[in-house]
Amino acid sequence: MRHEWAGRAIAVARPVALQPRSNRGAVPHPMSQPDASSPVVSVIVVSYNTRCLLARCLDSLDASAAPPAIEVLVVDNASADGSAEMVAAEYPEATLLEPGENLGFARANNLAAESARGEHLLLLNSDAAVDPSTVGALARFLEEHPAAGIVAPRLTNPDGTHQPSARAFPCALNLFLEATGLERLLGRTTHGHFRGDETRPVEYVSGAALMIRRSLWRELGGFDEGFFFYGEDADLCRRALERGAETWYLHSAGALHEGGASTAALRTNAAIEGYRAALLFIRKHGSAGTVAWARLWILLGATLRAVASALPAALSPSWRARLRTYLAVARLALSANPYPIGRFGWPEDDAR
């Protein structure tokens, strides 16, 4: 079977449901479907130069304790570290999609979802690893709560600390608080410093680990591909809410998330893309007036932090890097076209 994407042919392997190494031959979980042609959950993993972390992610799925029947689809966004070759050689049960270019997060997930056959889709970052019971717990939650259309697990950092993943939708005030660093004190965008210690409905959850009913995904048309790397999760949850589908945070299910592994070498450009995505979200779900306010607050916040860091920046390489980021964000706020452009950085930089 072959798919055409952006003018390139993509070879697709025949999907096979993964079985956990520790449970092969064991009594199936009540939710399991022994027929590999009808998985309960389709797990979609998008990878970009995260070979070792990707292997850990796939191992965590393979080691899940008595999960529902699953299939795993991996989209390799033109990695240069041998990720695709590793998946083909070491994880032949997974479906490997190679578009031959970096499609970004939204387009890559949409591509894989076209081939998905599960009742639910688990969107999982390559730098995340699920706890043994997480896949089954998320699927059961959706089956037991008809009003819920999206559910996400608790995320933890590598050191075991809580990683905020339940957030409030972007707005002008929230962008100002983030740009100035005041958000760390007020916790407005993270539901008042919500510590992830209870199961509750939230505005939106991180796309690092997110399960959605496939029927709802199709109804929404998947991710909006206008979002290149950030913001697609907030937009998806907002559109789901507009259709009456709630987004829930399930604290009893967990996943480890490295965070920023795909953008570690692109920190300034990643910051630019994050603010671009927030502005696109506000334009899409708000008005021209709210976008103008958002740009003003971003400019003010970034300028304040740039001024505050000017002296230390002259003395420390790390502070100079932060100063460059603040100035880049301020430049974005003044840009004629601040919206996502389908790549990291600025188009004019290519000519340099």
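**Figure 1. Asn 49, a partly exposed residue of the predicted model.** Asn 49 counts as partly exposed, at 31% relative accessibility. In this predicted model, Asn 49 is found in the loop that lies between strand S4 (41-47) and H1. Although Asn 49 is not a glycine, its phi is positive, at about 55 degrees.

**Figure 2. Ala 78 in the loop between strand S5 and helix H2.** The loop shown lies between strand S5 (70-76) and H2, and Ala 78 has its place there. Ala 78 is a residue other than glycine with a positive phi, near 60 degrees. With a relative accessibility of 35%, Ala 78 counts as partly exposed.

**Figure 3. Packing of helices H1 and H2.** Two packed helices are described by the angle between their axes and by the distance between those axes. For helix H1 (residues 51-62) and helix H2 (residues 83-90), the angle is about 30 degrees and the axes are 9 Å apart. Angles under 35 degrees count as roughly parallel, and H1 and H2 are therefore roughly parallel to each other. The crossing in which H1 passes H2 is right-handed.

**Figure 4. Residues at the contact of H1 with H2.** The view returns to the right-handed crossing of H1 and H2. H1 contributes Arg 51, Leu 54, Ala 55 and Leu 58 to the contact, while H2 contributes Ser 83, Met 86, Val 87 and Glu 90. By class, the residues of this contact comprise five nonpolar, one polar and two charged.

**Figure 5. Cysteines Cys 57 and Cys 171.** Cys 57 has a relative accessible area of 0% and is buried. Cys 171, by contrast, is partly exposed, with a relative accessible area of 25%. The structure holds zero disulfides.

**Figure 6. Ala 292 in helix H10.** Helix H10 spans residues 288-315 and includes Ala 292. The relative accessibility of Ala 292 is 46%, so the residue counts as partly exposed. Ile 282 is ten residues from Ala 292 along the chain, and the C-alpha atoms of the two residues are separated by 9.9 Å.

**Figure 7. The protein as the setting of the close-up views.** The protein contains eleven helices and 14 strands. It has 352 residues, of which 53% count as buried; Cys 57 is one of the buried residues. Among contacts between residues at least 6 apart in sequence, 77% join residues at least 24 apart.

Note on methods. Residues are numbered from 1 along each chain as its sequence is written. This is a predicted model: local features need pLDDT of at least 70, side-chain atom pairs count only at pLDDT 80 or more; totals for chains, interfaces and linings use all residues. Side-chain values use heavy atoms; hydrogens and water are left out. Axes are lines fitted to C-alpha atoms, for helices over the stretch in contact, and angles run from 0 to 180 degrees between N-to-C directions. Helices (H or I, at least four residues) and strands (E, at least two) are DSSP runs, numbered from the N terminus. Angles under 35 degrees count as roughly parallel, over 145 as roughly antiparallel, 65 to 115 as roughly perpendicular and the rest as oblique. A crossing is left-handed if the near helix is turned anticlockwise from the far one by less than a right angle, and right-handed if clockwise. Contact means heavy atoms within 4.5 Å. Ala, Val, Leu, Ile, Met, Phe, Trp, Tyr, Cys and Pro count as nonpolar, Asp, Glu, Lys and Arg as charged, and the others, Gly among them, as polar. A disulfide is a pair of cysteine sulfur atoms within 2.5 Å. Buried means under 20% relative accessible area, exposed over 50%, partly exposed in between (1.4 Å probe, protein chains only).
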